[in-house]
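Trainee: Hi! Could you walk me through this one while I have it open on my screen?
Mentor: Happy to, let's go.

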Amino acid sequence: MVAHLPVLTIMIPLFAGLFMPLLGRLNRAIVWPLAVGALGFATFGSIHMLVDVATTGEAIHYSFGGWALPTGIGYRVDLLNGMVLAMIAGAGLLTSIWMLRPAQKEIPDEGRTSYYAVFLLCCAGFLGITITADIFNLYVFLEIASITSYVLIAMGGRRQALYAGYSYLIVGSIGATFILLGIGHLYMRTGSLGMADILSQFQADTSLYTLSDVRTAFAFFTVGLAIKMALFPLHGWQPSAYTYAPSPSSLFIASTSTKVSAYAFYRICFGVFGLAFLTDGLPEIRQIVLVMSSAAIVLGPLIAIRQGDLKRLLAYSSVGQIGYIMLGVVLLNVDGLTGGIIHFWNHAAAKGSLFCVAGALVFRTGSSRVSDLAGMGRRAPWTSAVLTVAGCSMVGVPMTAGFLSKWYLAAGALEADYVFVVPVLIASSVFTAIYVWRVLQLVWFAPKDVEPAVTSEVPWSMRIPALALGAACLVFGLTPWSVDLARSAAVALGVGS
Amino acid sequence: MRTEKSPVIRYVALRAVPFIQLYALYVLGHGEDGPGGGFQGGVIFASSFVLMALVYGYGTGRKGAPEKITDILAPAGCVLYAGIGLICLLMGGAFLEYGRLAGEGASEAAKHSAHHFGLIGIEAGVMITVTASMITLFFEMARDAHVDHGQDDDDGEDDDA
């Protein structure tokens, strides 16, 4: 059965999500274990595949119905998307465990079965975007993931959530349209939808890069995916969506959604257009992405400083963090790409833990005001510890995961002669330190006479996933294997050191 | 607005329904080697219920496809689809490799017919899901209009909103 893991990893959450309304009708109690089980299997499957790829050094291919690519539809797992798959499935599993109690509180009774079903479909959509070897399938899964995200955001029953979900729907659909137009242009020129097939056509004839429809296709992909990943200045939909969504939705969407689009951009660059397109075909695109991501890296944390709502603060910090991942594509050397790729995991761990804390705050106080954190350290030490570790990782304190991302990005920037990226990274760390310190000061050093709004620790079902994510921030920071994986993935993309 | 549809429309619509449904099944069966398939068949099948609702009213249309049944059928179609995919997988093939349904060491002809049955099977799954979803979509949207006008049209009044 190991040979079938690529398909099972996607299909089990997908079909579990589709069957859930049927099973939930028979017995409502089965819904949560089914979600945890399906995502547990997906986590097992994706980690198994990642280990497999890392030990053999060869990508896993899977063809549907025995039809070989590019005629048929196929999946492909290499180191880069193996890491992203493990990130999505792991975040999905921890979110599904975490959401047991908050979902009871925040999602209306009659909608809860559907909420779990939509959540599983959303996970399957993200996993599908990551694993597919076919650009049209990428679009189909992108639609599955987007439409379910709109629902996950709007489902909280708050009026602002409906508005946030609706504006994301409009903006997200525009983004998806751009991506579809890009696929159409590529198909018109190459007559193929298989990623590897298109890549080999480009490699065989690099004069294709000068054609205006190929360049237009790339521009469409860049704009569409930049909207989806909330890359500055196309991030307008994101803060409200994260702020007003129910806590489980913000936890899952914040830790995976934008990064999956960033991965799709990596895949489009390296797996469809090829490295030569970025170096020779249209080098200007690197400058454009460099400006956008540098602006995101500085301005995201800067805007976050003055937010009074914890979830909105974290949303703006995500705007900055996605810039780090995109910087990897700009730098195009092994160190820079290592920094970008490792940041998929590091940011998922840190942002996941922080949204667990924000969810705990909502669970205890009913709102996510930063001021309500005052004195939380006295009453909820575990949650506060997670907040501290993840906050340090966001700043990039040595021995936490965030430090490694910034270190490799800075090293890559110096190698690529983009010296000004280093002060950008430092400025971002300083701004991040300011808002993290503002939060930590409230949590640990509130005056004694302040009565904490968070009166007690959250239940274990919420504490364990938060602790696991917080521990991941430390593990990725202290042990070298995650960096080694990212480095091999970067080398496999074929960039020169 | 309460208006009774003319007897001609009521007569024709009622007798058109079986033909629409038969045609839907034809489109389903045809999908393998021509334009058509589960999605199109499902939409056509669902349109017969929409026609009933338009001519005989919301209540009569919904009676033919109660919410309970459509809610069960929508996931059931997916069960059929996934089930066939998984059986192919358990028989040693790839996901959706229908030829394997004929079993180990089957003749080419047997594999060929197994392929047909597998394909028709998953298309039927798609059709069931699409039919149920289309009916649900239509009646969910029509319900608001129906409730707004406070109509009680079980005896065949029309819902002109």
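Mentor: Let's begin with chain B: among its contacts with a separation of 6 or more, 61% are between residues 24 or more positions apart. Two residues are in contact if their C-beta atoms, placed from the backbone, lie within 7 Å. Before we go on, this is a predicted model, where local features need pLDDT of at least 70, side-chain atom pairs count only at pLDDT 80 or more, and totals for chains, interfaces and linings use all residues. Residues are numbered from 1 along each chain as its sequence is written, while chains are lettered from A and ligands numbered from 1 in the order in which they are written.

Trainee: How many residues of chain A are in contact with chain B?
Mentor: On the chain A side there are 12 residues, in contact with 13 residues of chain B. Helix H1 (residues 5–26) of chain A gives the most to that side, with seven residues. By class, the side of chain A that touches chain B has eight nonpolar, four polar and no charged residues. Ala, Val, Leu, Ile, Met, Phe, Trp, Tyr, Cys and Pro count as nonpolar, Asp, Glu, Lys and Arg as charged, and the others, Gly among them, as polar.

Trainee: Switching topic: which residues have the most contacts inside the largest nonpolar core?
Mentor: They are A:Met83, A:Ile88, A:Leu120, A:Cys123, A:Leu127 and A:Leu231, in a core of 230 residues. Helix H15 (residues 334–365) of chain A gives the most to this core, with 17 residues. A nonpolar core is a set of buried Ala, Val, Leu, Ile, Met, Phe, Trp, Tyr and Cys residues joined through C-beta atoms within 7 Å.

Trainee: What is A:Met83 in contact with, leaving aside its neighbours within four places in sequence?
Mentor: The partners of A:Met83 are A:Leu50, A:Ile341, A:Phe344, A:Trp345, A:Leu485, A:Ala486 and A:Ala489.

Trainee: OK, helix packing. How do H13(A) and H14(A) cross?
Mentor: The axes of helix H13 (residues 284–305) and helix H14 (residues 310–331) of chain A come within 7 Å and cross at roughly 155 degrees, which means H13(A) is roughly antiparallel to H14(A). Axes are lines fitted to C-alpha atoms, for helices over the stretch in contact, and angles run from 0 to 180 degrees between N-to-C directions. Angles under 35 degrees count as roughly parallel, over 145 as roughly antiparallel, 65 to 115 as roughly perpendicular and the rest as oblique.

Trainee: Left-handed or right-handed?
Mentor: H13(A) and H14(A) have a left-handed crossing. A crossing is left-handed if the near helix is turned anticlockwise from the far one by less than a right angle, and right-handed if clockwise. Their contact has 16 nonpolar, six polar and one charged residues.

Trainee: What about H15(A) and H18(A)?
Mentor: H15(A) and H18(A) pack at an angle of about 160 degrees, with axes 8 Å apart, and are therefore roughly antiparallel. The crossing of H15(A) and H18(A) is left-handed. Their contact divides into nine nonpolar, nine polar and two charged residues.

Trainee: Where is A:Pro233, by the way?
Mentor: A:Pro233 sits in the loop between helix H9 (212–228) and helix H10 (238–244) of chain A. The peptide bond from A:Phe232 to A:Pro233 is cis, with omega near 0 degrees. In the loop between H9 and H10 of chain A you also find A:Ala230, which is not a glycine but has a positive phi of about 55 degrees.

Trainee: Is A:Ala230 buried or exposed?
Mentor: A:Ala230 is buried, with 28 other C-beta atoms within 10 Å. By contrast, A:Met399 is exposed, with 12. A:Met399 has a positive phi too, near 80 degrees.

Technical notes
Helices (H or I, at least four residues) and strands (E, at least two) are DSSP runs, numbered from the N terminus. A residue is buried if 20 or more other C-beta atoms lie within 10 Å of its own, exposed if 12 or fewer, and partly exposed in between; C-beta atoms are placed from the backbone.
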